[in-house]
Amino acid sequence: MLARAIEVTRRYGDTVALDRVSLDIAPGELVGLLGPNGAGKSTLLSLLTGVRSPSSGRVELLGGDPRRPAARHHLGVTPQETGLPASLRVGEVVDFVRRHYPEPLPRDQVLGQFGLTDLVRRQTGGLSGGEKRRVAVALAFAGRPRIVFLDEPTTGLDVEARRSLWDGIREFHAGGGTVVLTSHYLEEIEALARRVVVIGGGRVLADDTVSAVRGLVAVRRVSLTSPVPLPVLPGLSGTDREGDRWHLVTPDSDRLVRDLVAADVPFTDLEVRPASLEEAFLTLTERSVEESCLLSS
Ligand SMILES: Nc1ncnc2c1ncn2[C@@H]1O[C@H](COP(=O)(O)OP(=O)(O)OP(=O)(O)O)[C@@H](O)[C@H]1O
């Protein structure tokens with residue numbers, strides 16, 4: 001394994017950011033970490049890259065402590081927020097990072113792979129936000145790493161810039177490189193990765209192929225107004241109520257509506273729409289809490 005988290009817990013004061021998380025990353029994998037705000041994704045990356053230490057459990061990078069220089073020579077990272085020295089030119093920043101590594105990529109290759117060749121002489125202080133982000137991501141690849149961790153690499157980028165970054169990441173992966181990236185968007189992970197690890201509330205909620213996870217989160221929200229309490233309905237993965245208004249989350253909205261009619265439930269203002277990823281995550285989180293309650297009872 002190139003990277004491992006073994007029963008890792010990380011606390012910040014009273015906050016449990018990660019709760020006994022285990023994860024193995026094999027050589028050549030491209031893995032997406034998907035989860036809502038505050039799920040623990042950045043914390044997991046900071047542990048795997050040796051920026052922080054776990055409160056308990058163990059983390060390994062290339063078979064040992066991630067803080068060893070021998071491991072770090074093979075590591076590339078783009079954190080969620082980065083700063084670039086404003087007065088340096090893009091080419092100079094790339095060279096500055098390259099010089100920290102024993103066998104870096106040629107400067108032109110780093111720039112070409114991420115569509116930055118035209119920016120080589122520009123001072124980073126004058127770049128747009130999207131251009132800065134592309135430079136920050138490209139820098140993770142400058143040292144010819146074996147494994148790269150990218151925290152929300154394309155946030156704030158327009159469609160074209162996002163695609164150009166995806167191409168650079170794909171090229172690295174096609175050459176045998178290993179990538180772990182975080183995202184709020186299943187679409188982004190789908191475009192790049194086969195394996196997706198869903199994190200919520202500091203736990204791993206699912207670790208599967210993108211299509212299997214799409215099935216888990218492809219739920220619909222059926223809303224209706226009913227003056228009477230609803231009967232027990234099969235196949236519901238979540239229920240929420242505001243006065244007479246009911247919001248039901250289900251993978252099969254057609255069946256739910258048929259069941260409501262068959263049960264003769266009086267309702268008005270029926271509305272069916274795809275659930276947002278946040279709602280789907282909530283459903284997954286609630287399900288995992290219910291399951292752990294069931295297991296512990
Ligand atoms: N330095 C810190 N001090 C205190 N609490 C922290 C710190 N860093 C993270 N947390 C908390 O730990 C939890 C997990 O945060 P983390 O940044 O790992 O989540 P995330 O999944 O990366 O979220 P996002 O998608 O918003 O970046 C959150 O409740 C957050 O407030």
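Q: What should I know about the model and its numbering?
A: It is a predicted model: local features need pLDDT of at least 70, side-chain atom pairs count only at pLDDT 80 or more, and totals for chains, interfaces and linings use all residues. Residues are numbered from 1 along each chain as its sequence is written.

Q: Which residues are around the ligand?
A: A residue is near a molecule if its C-beta atom, placed from the backbone, lies within 6 Å of it. Here the shell includes Tyr12, Lys41 and Gln80.

Q: Which element gives the most to this shell?
A: Helices (H or I, at least four residues) and strands (E, at least two) are DSSP runs, numbered from the N terminus. Helix 1 gives the most, with three residues.

Q: Is strand 8 mostly covered or uncovered?
A: A residue is buried if 20 or more other C-beta atoms, placed from the backbone, lie within 10 Å of its own. In strand 8 (residues 195-200), five of the six residues are buried, and the strand is mostly covered.

Q: Which strands pair with strand 8, and in what sense?
A: Two strands pair if DSSP finds at least two bridges between them. Strand 3 (residues 30-34) pairs with strand 8 in the parallel sense over four bridges, while six bridges join strand 8 to strand 9 (residues 203-209), and these two run antiparallel.

Q: How many residues lie between strand 8 and strand 9?
A: The two strands form a hairpin with two residues between them, and Gly201 in the turn has a positive phi of about 55°.

Definitions and conventions
Buried ≥ 20, exposed ≤ 12 C-beta atoms within 10 Å, placed from the backbone.
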